[in-house]
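Subject: Structure for your review

Hello,

Please find the structure below, followed by notes on what was found in it.

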Amino acid sequence: MCERHLLSRQNFLKAALALAASPLLRYVPAHAADQAEVSEIAPGVFVHQGRYELQSPENRGDMANASFVVGSEAVAVIDTLGSAVAGRELRSAIRAVTGKPIRYVINTHMHPDHVFGNAAFKEDSPTFVGHHKLARGLASRAERYLAINKQMLGDDAFQGIEIILPTLAVDGSQTLDLGGRSLVLETQRTAHTDNDMTITDSATDTWFLGDLLFSVHVPTLDGSIKGWLALLDAFSRRQAARVVPGHGPKAMELPGALEPEQRYLAAIANDVRRLIEEGKTLEDATKTAGFSERDAWKLFDQYHVRNVTAAFAELEWE
Ligand SMILES: [Zn+2]
């Protein structure tokens, strides 16, 4: 047996073992290049796992988790990936599972890798749902988000991207009925951004945390580090059968799922507070604060300095 053959066999065995050990009910492989891979992590709850990458022509903005929940009457999509092309691949995966109407497209927050696939669902005429602050946040950043993504995705993957704002703005808690199951939406305080919303599926007690939970992929701070740490503290006292992160594995368990992110954010906050006390500058902080976490995360070099910069600006005025 040649070495290459052996390696691919080992990889296959590894993948098979990982699948057997995971709680997946059903793995829906992509039958065609234009269909996203999804797994059924609980009855009627499907998750597509995004890549741990920056957006590129190759990944077409497929870098965040996207989910859908199938009720007896309708389907709700939770996040739509980072381009209309990737959004269409997600839609094809939904259509491979069910022909029920896609009634809701829910965005967990305003970031492009979660909302730029919205246009792929326009033909379904769904209600687009988001935090009441999402529209303001996304509208004010739209020009910049579009320019950056056009550049990073390239013309082919950028094609068809549109800013689609929520038609249903949630403030506090709201329940959506899918037939036989409902989704409970809860807007959260400023943390990862100022417009994050979590979703709980009543039938399976699956809690979708969006980017309030990162795993493997380094967290990105675009809201408040103090707010985020306080929110994670509150989340760690809650229960759910499973949680779905915005970036990371398809499903995780509380409270362990939160711990690495709590550790990462606390490392930044503690280091930045100490440096400020010592009279150090932002530049000093970007060279040392939180670097104990460097080996624990993917994309650390791409996002960490920005996180420290945001934390410094916030904590400077305590
Ligand atoms: Zn995000």
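A residue is called buried here if its relative accessible area is under 20%. By that rule both H109 and H111 are buried. The model is predicted, and all that follows should be read with this in mind.

Metal site

H109 and H111 are donors to the zinc ion, through NE2 and ND1 respectively. Along the chain the donor residues follow the spacing H-x1-H-x80-H-x18-D. What is the arrangement of the four donor atoms around the zinc ion? It is irregular, because the angles they subtend range from 84 to 173°, while a tetrahedral label would need all angles between 85 and 135 degrees. For reference, ideal angles for four tetrahedral donors are 109.5 degrees.

Strand β12 covers residues 206-214. L213 is located in this strand and counts as buried, with a relative accessibility of 0%. Leaving aside neighbours within four places in sequence, L213 has contacts with V243, P245, G246, H247, M252, A257, L258 and E261. The C-alpha atoms of L213 and G248 are 8.4 Å apart, although 35 residues separate the two along the chain.

Aromatic pairs

The count of aromatic pairs is five. One of them is F46 with F68, which is stacked, at 4.8 Å centre to centre and 5° between the planes. F46 belongs to strand β3 (residues 45-48) and F68 to strand β4 (residues 66-70), so this pair ties together parts that are 22 residues apart in sequence. Both F46 and F68 are buried.

W207 and F235 form an edge-to-face pair, because their planes are at 65° with the ring centres 4.7 Å apart. This pair links strand β12, which holds W207, to helix α5, which holds F235, across 28 residues. W207 is buried at 1% relative accessible area, and F235 is buried at 2%.

How far apart are the end C-alpha atoms of helix α6? They are 27 Å apart, which agrees with the 27 Å that its 19 residues (259-277) should span at 1.5 Å a residue. The buried residues of α6 are E261, Q262, Y264, L265, A267, I268, A269, D271, V272 and L275. The cover over these residues includes β12, α5 (225-235), α7 (282-288) and α8 (300-315). After α6 comes G279, with a positive phi near 80°.

Helix α8 has 16 residues and reaches 21 Å from its first C-alpha to its last, close to the expected 22 Å. Its buried residues are F300, Y303, H304, N307, V308, A311, F312 and L315. An α-helix has 3.6 residues a turn, so residues three or four places apart point the same way. The cover over the buried residues of α8 includes α5, α6 and α7.

Strand β7

Strand β7 (residues 127-131) is largely enclosed by the rest of the structure, because four of its five residues are buried. Strand β6 (residues 102-106) runs parallel to β7 and is joined to it by three bridges, with V105 partnered by F128 in β7. Strand β8 (residues 168-170) also pairs with β7 in the parallel sense, over three bridges. There, V129 stands opposite L168 in β8.

Regards

Note on methods:
Residues are numbered from 1 along each chain as its sequence is written. This is a predicted model: local features need pLDDT of at least 70, side-chain atom pairs count only at pLDDT 80 or more; totals for chains, interfaces and linings use all residues. Side-chain values use heavy atoms; hydrogens and water are left out. Helices (H or I, at least four residues) and strands (E, at least two) are DSSP runs, numbered from the N terminus. The expected span of a helix is 1.5 Å times one less than its number of residues. Buried means under 20% relative accessible area, exposed over 50%, partly exposed in between (1.4 Å probe, protein chains only). Contact means heavy atoms within 4.5 Å. Rings of Phe, Tyr and Trp (its six-membered ring) pair if their centres lie within 6.5 Å; planes under 30 degrees apart count as stacked, over 60 as edge-to-face and the rest as tilted. Donors are N, O and S atoms within 2.8 Å of the metal (3.2 Å for Na, K and Ca); water is not among the atoms, so sites may look incomplete. Four donors count as tetrahedral if all angles lie between 85 and 135 degrees; four count as square planar and six as octahedral if opposite donors are over 155 degrees apart and all others between 65 and 115; anything else is irregular. Two strands pair if DSSP finds at least two bridges between them.
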